[in-house]
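Biologist: I have the coordinates open and a few things to ask. Can we start with one of the helices?

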Amino acid sequence: MATDAHPSPLRVLVLGASLRSGSTNSRLAALAGRMMGEAGADVDLAALREFEMPLYDGDLEIANGVPDGALALRDRLERCDAFVLSSPEYNASVPGVVKNAIDWVSRVRPQPFKTKHALLLSASPSLVGGNRGLWALRVPLEHLGTRVYPDMFSLAAAHKGFTDDGQLADSALHQRLRETVSAFLSLVEADARYVCLQRRWYEFLGDSTEASVTQRAED
């Protein structure tokens, strides 16, 4: 099988999903982005605060359409091969602002989450590092057809988890994050580069692009 001898770099959107300035999730997103850049990926580092949007309201959508912030996030997603989401945990679940962004962006057709690969990260002062929030975050993303990477990374005690230069204070955790990032990029590259791995995965009930398909299948 012929392949491109000089393929373009993988494009990855890395999103810090906290509105707070100085957020540990923003720091974790920046670190993951640097690791991906060092691995040769073309990284688009963003913060959720860049994409302003109101609470989802069907009446508002009918009156004004999808807000500009959601469309801007859609555009950034469409330009990438995969995305990384570093999200806080609020009350053992996904933050409302993150779920709201997903809800708005999912209203665009074709909705951009389908078939994208995603890596989920979290940083939290708690002892579980925000892991419960990531399990909740998987549900809407996987429903929309996102291929969420099985190995999620959670940084516990994140308020004291970084060195002054933005690395992880725990060298073993730092290495684990690097290995997770590397393995994720390898999977995305296999999916993006080798057409023999083309798959079908139909689960999003609002997607009518393949009306004749009645069950989920992966080839």
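Modeller: Take helix H5, residues 131-143, in what is a predicted model. Its buried residues are Gly133, Leu134, Leu137, Arg138, Pro140 and Leu141.

Biologist: What covers the buried residues of H5?

Modeller: The cover includes strand E3, helix H4 and strand E4, along with strand E5 (147-148) and strand E6 (153-155).

Biologist: What happens just after H5?

Modeller: Gly145 takes a positive phi there, about 100°.

Biologist: Back to H4. How do the axes of H4 and H5 cross?

Modeller: They cross at roughly 5° and come within 11 Å. H4 is therefore roughly parallel to H5, as angles under 35 degrees count as such. On the H4 side the contact is made by Val98, Lys99 and Ile102, and on the H5 side by Leu137, Pro140 and Leu141.

Biologist: Where does H4 sit relative to the strands, then? What unit does it make with E3 and E4?

Modeller: H4, residues 96-105, makes a right-handed β-α-β unit with E3 and E4. E3 and E4 run parallel and are joined by five bridges. One of the pairs is Leu85 with Leu120, its bridge partner in E4.

Biologist: Which sense does E3 pair in with strand E1?

Modeller: Parallel, over five bridges, with E1 covering residues 11-16. Gly16 has Ser86 of E3 as its bridge partner.

Biologist: Is E3 mostly covered or open? How many of its residues are buried?

Modeller: Mostly covered: five of its five residues, 82-86, are buried. Ala82, Val84 and Ser86 lie on one side, Phe83 and Leu85 on the other, and both faces are covered.

Biologist: What does Val43 touch, leaving out residues up to four places away in sequence?

Modeller: Val12, Val14, Gly33, Met36 and Gly37.

Biologist: And what separates the C-alpha atoms of Val43 and Ala30?

Modeller: A distance of 10.0 Å, with the two residues 13 apart along the chain.

How values were computed: Residues numbered from 1 in each chain as written. Predicted model: local features only at pLDDT ≥ 70, side-chain atom pairs only at ≥ 80, totals over all residues. Heavy atoms only, no water. Contact = heavy atoms within 4.5 Å. Buried < 20%, exposed > 50% of the residue type's maximum accessible area, 1.4 Å probe, protein only. Helix = DSSP H or I, 4+ residues; strand = E, 2+ residues; numbered from the N terminus. Pairing = 2+ DSSP bridges. Right-handed = clockwise from strand over helix to strand, strands pointing away. Expected span 1.5 Å × (residues − 1). Axes fitted to C-alpha atoms, helices over the stretch in contact; angles between N-to-C directions. Parallel < 35°, antiparallel > 145°, perpendicular 65-115°, else oblique.
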